[in-house]
Amino acid sequence: NAWVEIDLQQAYTLNKMIIYNRFDGYHNRFNHSIVWLSKYPFPTNAVPQYSGRGAVYIHKAKRKMIFNLKNQKYRYIRIQLRGTGIVNLSEVEVYGK
């Protein structure tokens, strides 16, 4: 399962995240992916499936995906494909305080 991880360097109260997917017609490669959110580091090369983590499941990927993070406090964001492939994203924006 390919993934990319973002470390915000400290926990912030996050309210919104926007993921800009590929714009060249292959955005469906990101279907059935998961965005994991956590205050704590993720175990390396493992699918994080235990408490203390938030998750957003992406069933059908779009070119621009907006997520309401409900003012929860997170430091780490892992964007992970299900199955094999390469993570190809254009941009990730995270908003909060």
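Residues are numbered from 1 along each chain as its sequence is written, and side-chain values use heavy atoms, with hydrogens and water left out. Because the model is predicted, local features need pLDDT of at least 70 and side-chain atom pairs count only at pLDDT 80 or more, whereas totals for chains, interfaces and linings use all residues.

Strand E4 (residues 64-80) runs antiparallel to strand E1 (residues 3-21), and 13 bridges join the two. Strands are DSSP runs of E of at least two residues, numbered from the N terminus, and two of them pair if DSSP finds at least two bridges between them. Within E4, Ile-79 stands opposite Val-4. E4 also pairs with strand E2 (residues 33-38), again in the antiparallel sense, over five bridges. Here Arg-78 of E4 stands opposite Trp-36.

One aromatic pair is found in a search of the whole structure; rings of Phe, Tyr and Trp (its six-membered ring) pair if their centres lie within 6.5 Å, with planes under 30 degrees apart counted as stacked, over 60 as edge-to-face and the rest as tilted. The ring centres of Phe-42 and Tyr-76 are 6.4 Å apart and the planes are at 75°, so the pair is edge-to-face. Phe-42 lies in the loop between E2 and strand E3 (53-58), and Tyr-76 lies in strand E4, 34 residues apart. Both residues, Phe-42 and Tyr-76, are buried (under 20% relative accessible area, 1.4 Å probe, protein chains only).

Charges also sit over rings, defined as NZ of Lys or CZ of Arg within 6 Å of the ring centre and within 35 degrees of the ring normal. The charged end of Arg-78 is placed over the ring of Trp-3, 3.8 Å from its centre. Lys-16 lies over the face of Tyr-95, at 5.0 Å from the ring centre.

Conventions. Helix = DSSP H or I, 4+ residues; strand = E, 2+ residues; numbered from the N terminus. Buried < 20%, exposed > 50% of the residue type's maximum accessible area, 1.4 Å probe, protein only.
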